[in-house]
Amino acid sequence: MKSFTFFMHNIYAMGGTVKSVTQLANTLAEKGHPVTIISVFRGADSPYFELHSAIKVKVLVDYRLKLKNTRAITANRIKKYTPFLNTKVISQFEPGKSQFSSYVEKKMIKAIRHTKTDVLVGTRASFNILISKYAKAEIVTIAMEHMNFDAHPDQYQKEIIAAYRNINKITTLTVADQQKYQSQLKTPVYVIPNMVTEKRIAAPKKNRIISAGRLEYEKGYDLLLESIRLIQEDLRQLNYDVHIYGSGSKKTLLVDFINQYHLNDHTAQSNLQIQHYSYQTTNIIFHRIRKNYSKIHMEPKKSLNSQSSPKQKEQS
């Protein structure tokens with residue numbers, strides 16, 4: 001059977017791309033395909049989501065506090081103070097460019113050049129660009145897009161299109177993105193939505209709006225809360241509540257918005273509840289509605305192996 005290799009940012013971190021790749025990799029492994037995940041970064045002892053036992057994980061840069069990782073940690077710490085460790089090949093438009101150094105970049109290029117697999121899947125635009133340049137000619141290359149095309153700056157869009165002419169296949173999450181890529185490329189573009197393999201739980205249904213993800217600008221939680229603000233009276237009358245699971249740099253701003261517009265009824269029973277636990281599972285995240293009002297919670301997403309690290313936030 002054909003072998004698959006996924007080239008990704010950090011399989012040890014929490015993120016939508018991590019979840020999507022994990023489920024796809026697990027499915028391929030279950031069907032008997034040899035599967036390898038090349039994780040550029042590592043900051044935890046175990047992958048965030050459970051991987052099939054047959055899947056191999058290769059780490060390029062390990063930031064765990066261990067003696068053997070001293071070189072990687074040192075390069076990461078000093079790169080901000082010297083231009084000698086600036087990247088030379090990774091796109092200047094890579095959103096997480098500050099996480100990369102020439103040390104990391106060289107490891108990435110070497111890994112792509114030496115990868116032996118039938119199918120090599122890139123999971124990030126800047127990674128896909130590198131794959132288009134350095135992957136072996138006999139390997140089938142796939143650019144798996146997890147961001148909307150219009151979310152990229154115009155110059156980045158041009159760079160992506162130019163590189164993707166040297167990619168064998170492209171996948172997008174939406175038909176709209178498929179059409180945008182296909183209108184500029186001869187490379188075949190397929191729509192493959194993110195997989196959901198979890199079993200449905202038979203539980204009493206409640207009037208509840210749930211969202212889970214990183215609390216960052218690109219995720220649009222400010223738009224969600226603005227929508228809630230506009231219809232909050234209707235939500236109260238219909239006995240709805242809102243649960244937001246996640247963490248991120250915009251958490252304080254979102255909490256301030258909730259307080260500013262009184263999206264919680266300020267009574268002893270309904271104050272805003274914010275949890276700050278790094279390790280928590282969904283089976284202990286719950287809330288029972290006792291009042292007829294809209295209530296917004298910001299709580300941590302499921303985590304069995306999550307560890308706090310500046311390198312562990314995967315973009316999606």
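Residues are numbered from 1 along each chain as its sequence is written, and side-chain values use heavy atoms, with hydrogens and water left out. Because the model is predicted, local features need pLDDT of at least 70 and side-chain atom pairs count only at pLDDT 80 or more, while totals for chains, interfaces and linings use all residues.

Let's start with the whole protein. There are 9 helices and 11 strands; these are DSSP runs, H or I of at least four residues for helices and E of at least two for strands, numbered from the N terminus. Of the 316 residues, 49% are buried. Buried here means under 20% relative accessible area, exposed means over 50%, and partly exposed is in between (1.4 Å probe, protein chains only).

Now, which helix is mostly covered? That is helix 4, residues 125–134, with 9 of its 10 residues buried. Among them are Phe127, Ile129, Leu130 and Tyr134. The buried residues of helix 4 pack against several elements, including strand 1 (4–8), strand 2 (35–42) and helix 5 (154–164); contact means heavy atoms within 4.5 Å.

On to the salt bridges. The structure holds 6 of them, each being a side-chain nitrogen of Lys or Arg within 4 Å of a carboxyl oxygen of Asp or Glu. Glu94 and Arg124 form one, at 2.7 Å from N to O. Glu94 sits in the loop between helix 2 (70–78) and helix 3, and Arg124 in the loop between strand 4 and helix 4, so the pair ties together parts 30 residues apart in sequence. Glu94 is buried, at 3% relative accessible area, and Arg124 is buried too, at 9%.

Asp150 and Lys180 form another, with their closest N and O atoms 2.3 Å apart. Asp150 is in the loop between strand 5 and helix 5 and Lys180 is in helix 6, so this pair also links parts 30 residues apart in sequence. Asp150 is exposed at 51%, whereas Lys180 is partly exposed at 29%. Shared partners also join Asp45, Asp62 and Arg64 into one salt-bridge network.

Last stop, the surface. Arg71, Lys88, Lys106, Lys107 and Lys110 form a positive patch; patch residues have over 30% relative accessible area and no salt bridge, with like charges joined within 9 Å. Helix 3 (residues 102–114) gives the most to this patch, with 3 residues. Lys106 lies in helix 3 and is exposed at 60%.

Key: Patch = residues over 30% accessible without salt bridge, like charges linked within 9 Å, V, L, I, M, F, W, Y side chains within 5 Å. Areas by Shrake-Rupley, 256 points an atom, 1.4 Å probe, with all protein chains shown as cover. Lys, Arg positive; Asp, Glu negative; His and termini not counted. Charge placed at Lys NZ, Arg CZ, Asp CG, Glu CD.
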